[in-house]
Amino acid sequence: MDLILLFHAFIQGLVEGATEFLPISSTGHLIISGDLIGFNDDKAKVFDIVIQLAAILAVCWEYRRKLTDTALHITSQNNAQQFVLNLFIAFLPAALLGLAFHSQIKAYLFSPLTVAVALIVGGIAILAIEQLPLKTKTDSIDNMSRKQALQIGFAQAAALIPGVSRAGATILGGMLFGLNRQTATEFSFFLAIPIMFAATGYDLLKSWRLLSSDDLGMFAVGFITAFVSALIAIKFLLRFVASHNFKVFAWYRIALGLIVIWYFK
């Protein structure tokens, strides 16, 4: 096994897990890091898809009690039914738009410069939203309305553009539509499960021919690294939102975007 290839797999796995649930765009970081280390061919793109699955499994593990309780009581408890319905409603906009424009997005928007612009614009948007006198009326996922779920779903659809950040769009969208910071963050975690399972499954089906048994070591390294680093990132973000706003992520996005434009111009 090529040690350089394993090192590249470790780097990409670390980048994916560390950035997937922060409002800084994991896809954007994977594109940038992949270009920097020369890990950006067709097989590398499939690899990036697979390690996203590891990050989602980290969410499933962290919230296993909530997910298990929901599955056990889906037919008998209103809260469980409402939770699943809200996830489905919020899932639909990005799923339908992603299915309709998947090829165009992959062909025209997956580039470092596109990511850089999206990082900067997203950073400015975060700073602007943090200045608003937001009214919080929902302090629990169980108290969310269907309208709020749909609104967050449309916010998530903006993250189809690489660099926007799915986590950032859903968390900030949730705050704009009445969720407190903690609830918006947790709903973002849960919403990642259906949308990323669907996206990962779709991409894998289209790219299955590119995989071979020789790649198992590379995929194992990336998968494990992404899972562990995602677990750490989830715990970090939950602690962070308890006493901080997202301005630090906004300034990080803007700085990184400017650096990328300078480097890749």
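The lining of the second largest pocket draws at least two residues from each of helix 6 (112-130) and helix 8, where helices are DSSP runs of H or I with at least four residues, numbered from the N terminus. The model is predicted, and local features need pLDDT of at least 70, side-chain atom pairs count only at pLDDT 80 or more, and totals for chains, interfaces and linings use all residues. Residues are numbered from 1 along each chain as its sequence is written, and side-chain values use heavy atoms, with hydrogens and water left out.

Helix 6 contributes most to this lining, with six residues. In total, 17 residues line the second largest pocket, and A125, V164, G168, A169 and L172 lie nearest its centre. A pocket is an open set of points on a 1 Å grid over the protein atoms alone where a 1.4 Å probe fits, with protein on both sides within 12 Å along at least five of seven lines; lining residues have an atom within 4 Å of a point. The second largest pocket holds about 240 Å³ of space, and its lining comprises 12 nonpolar, four polar and one charged residues.

The largest pocket has a volume of about 1,300 Å³. Its lining is formed by 45 residues, with Q52, H102, K106, F110 and D203 nearest the centre. At least two lining residues come from each of helix 2 (26-37), helix 3 (42-62), helix 5 (78-108), helix 8 (166-176) and helix 9 (181-207). Helix 5 provides the largest share of the lining of the largest pocket, nine residues. By class, this lining contains 22 nonpolar, 13 polar and 10 charged residues.

How values were computed:
Grid points are joined across faces, edges and corners, and a volume is the space filled by probe spheres set on the points. Ala, Val, Leu, Ile, Met, Phe, Trp, Tyr, Cys and Pro count as nonpolar, Asp, Glu, Lys and Arg as charged, and the others, Gly among them, as polar.
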